[in-house]
Amino acid sequence: MLRTRSARLRRTALGATSAIALLLTACGAEVDPDSEGADTARSKVKRCGETVEYTEPQRAVAYEGGSADKLFSLGLADQVHGYVMPPANPPVTESPWAEDYAKVKMLSNDLLNKEIVVEAESDLVVAGWNSGFSDQRGITPEILDKLGIQSFMHTESCFNYPGFPEKKTPFEGLYSDLQRLGQIFHVEDRAESVVDGLRSRVSAVADKAPKSDDPVPVFLYDSGTDQPFTAGSQVPPNDIIKAAGGRNIFDGLDQRWTQVTWEAVTKAQPEVVMILDYGDQPAEEKIDFLKKSPHTKNLPGVKQNNFFVLDYNEGISGPRNIDGLEKFDTYLRELDR
């Protein structure tokens, strides 16, 4: 698989501004090249519900594994300056794109902030709304716009983006991100190829998933002891569970990651517990808590030891969602119900 490309060689190969305009228009991006030709071509691409004009980045900064994976899956390591990776993320050496991570800089192991991207002289920041970009921490697309720094948000996180919300199912959000990043970086063909491959893998799972009026009820446990933090319908685990033939017990919540009550979990009687495995909150500790807690120790899934561990980067928006889907599909089909 080709993981890196030279932006200058791509532009030279296309030959002329008109060729680029034709290619990008066919892929749904508007192009506004200036008189100097293709090197300054701009594309208009959706950032959540807002159309934004981009110039092709050369020093992108990615927040968390999902953002970096999207860029690396498109062969863009040469145009990624670095990444910010907080402790929740598993080691980047475990990534399918470990070689690409090794080629770029780790800028911080803390939360994303404005100072990091300014110091990095970044020309694009890729992150999610309220998972990277944050009003409270003073780093939002609006703030970066004023600094002349471009930004791109995961479509999955646009559900509650103020002013310009956009709602897609989590998997469709993943596909949209890859296509839109393909437009921004002018690698549309590569993006379509990656998306086609992911769609085919999802279809293969869905085609063989059990069709039942009584799908296996699944509880995703993210964290929390007094009250559990879990997945609503607007995050990737919901699509993972659904495509594999299960049912997220909180799929009726039109939210992303959200807090619920133990009483609601108990009432749903989940037969499988999906554990989101953090780098700083290991799955083993969460399983141990669920086995001991009076709220959960008698749940069917806990009593039967039906635990499925979902890697953090398989649970947040990124290409590894489909790895998680395939693993969960295998787990469910082998489950003795």
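These are my notebook entries on a few spots I looked up in this predicted model.

**Ground rules.** I number residues from 1 along each chain as its sequence is written, and side-chain values use heavy atoms, with hydrogens and water left out. Since the model is predicted, local features need pLDDT of at least 70 and side-chain atom pairs count only at pLDDT 80 or more, while totals for chains, interfaces and linings use all residues.

**Entry 1: helix H9.** Just past H9, I noted Gly 245 with a positive phi of about 100°.

**Entry 2: aromatic pairs.** I counted 14 of them. The rule: rings of Phe, Tyr and Trp (its six-membered ring) pair if their centres lie within 6.5 Å, with planes under 30 degrees apart stacked, over 60 edge-to-face and the rest tilted. Trp 129 and Tyr 161 are edge-to-face, because their planes sit at 70°, with centres 5.0 Å apart. This pair links distant parts of the chain, 32 residues apart: Trp 129 is in strand S7, and Tyr 161 is in the loop between strand S9 and helix H7. Trp 129 is buried at 4% relative accessibility, and so is Tyr 161 at 8%.

Next I checked Phe 219 and Trp 262, also edge-to-face, at 6.3 Å centre to centre and 75° between planes. Phe 219 belongs to strand S10 and Trp 262 to helix H10, so the pair ties together parts 43 residues apart in sequence. Phe 219 is buried at 1%, and Trp 262 is buried at 2%.

**Entry 3: Gln 150.** I found this residue in strand S9. Is Gln 150 buried or exposed? At 14% relative accessibility, Gln 150 counts as buried. Its side chain reaches the backbone nitrogen of Thr 55 at 2.7 Å and the backbone oxygen of Asp 123 at 2.9 Å. I also listed what Gln 150 touches (heavy atoms within 4.5 Å), leaving out residues up to four places away in sequence: among them are Glu 53, Tyr 54, Pro 57, Leu 124 and Val 125.

Definitions and conventions. Helix = DSSP H or I, 4+ residues; strand = E, 2+ residues; numbered from the N terminus. Buried < 20%, exposed > 50% of the residue type's maximum accessible area, 1.4 Å probe, protein only. Polar contact = N/O pair within 3.5 Å; in protein donor to acceptor, adjacent residues only side chain to side chain.
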